Amino acid sequence: MTIRELILSALISIISFSCQPHKKTETVPEEKNYVFFLHNKFLENHPSGTISTEYNTKAEYNEILASFRKDGFVVISEKRKPKTDAVMYARKVTAQIDSLTAMGDKPDHITVVGTSKGGYIAQFVSTYAKNPDLNFVLIGCYQNSDIKEIPDINFCGNILTIYEKTDSYGVSAIKRKELSTLPVTRFKEMEINTGLKHGFLYLASDEWILPAKKWAARNYDLK
């Protein structure tokens, strides 16, 4: 075969290859895991990093958000204004969640994590959303008197409550679960013992953040 024939043969091969239909590479979009973090009342009146003289602990708001983000969660959170109305704010968060699910995000990929006052807001979100597939982590935000004083709360969804043994502002919420008429798909409680009283939830502590992350990742056995 002459050089001219070799060149022609190579050109024909290139043209033939380029005319072949290319298979499309289909990529499955990664499903996001969302965390709505609702902070405590102290942070409504103080910047992140402020030390609480009552509990001698630092309000580590920024560190808490960074911890969730480090593990790949899409974090939705803001520092609320002083004297924020819990009910109105809960309706705002519920509307945000409705927007996500309307765009196709799965409810069980959405977790509302609330500490202290933020936990009460999260309880109202559970009540208003009425979605049995949403996840909730309620931290240091239940007292036995709540049944009479806040009768409108009605648990719904996958509920994890975390409370501190030395904290008078957080105890077992099993009574609320038993009285709730909406579907509680899963319910689990954790008692921790840091000795920090209510101050435990000011900190970006693995004591409560790790189980919260597992719950948000649908590891409902917390293993």
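A residue counts as buried when its relative accessible area is under 20%. Keep that cut-off in mind while we walk through this predicted model, because Ser-52, with a relative accessible area of 2%, falls under it and is buried.

Ser-52 sits in strand 2, which covers residues 51-52. What does its side chain find there? A polar atom of the Ser-52 side chain lies 3.4 Å from the backbone nitrogen of Glu-54, and one lies 3.3 Å from the backbone nitrogen of Tyr-55. Leave aside the neighbours within four places in sequence, and Ser-52 is in contact with Phe-42, Thr-57 and Tyr-202.

Next stop, helix 5, residues 117-129. From first C-alpha to last it reaches 18 Å, close to the 18 Å expected for its 13 residues. This helix is mostly covered, with 12 of its 13 residues buried; among them are Tyr-120, Ile-121, Phe-124 and Val-125, but also Lys-117 and Gln-123. Just past the end of the helix, Lys-130 takes a positive phi of about 50°.

Further along, strand 7 (residues 157-164) pairs with strand 8 (residues 184-192) in the parallel sense, over 8 bridges.

Definitions and conventions. Residues numbered from 1 in each chain as written. Predicted model: local features only at pLDDT ≥ 70, side-chain atom pairs only at ≥ 80, totals over all residues. Heavy atoms only, no water. Helix = DSSP H or I, 4+ residues; strand = E, 2+ residues; numbered from the N terminus. Expected span 1.5 Å × (residues − 1). Buried < 20%, exposed > 50% of the residue type's maximum accessible area, 1.4 Å probe, protein only. Pairing = 2+ DSSP bridges. Polar contact = N/O pair within 3.5 Å; in protein donor to acceptor, adjacent residues only side chain to side chain. Contact = heavy atoms within 4.5 Å.
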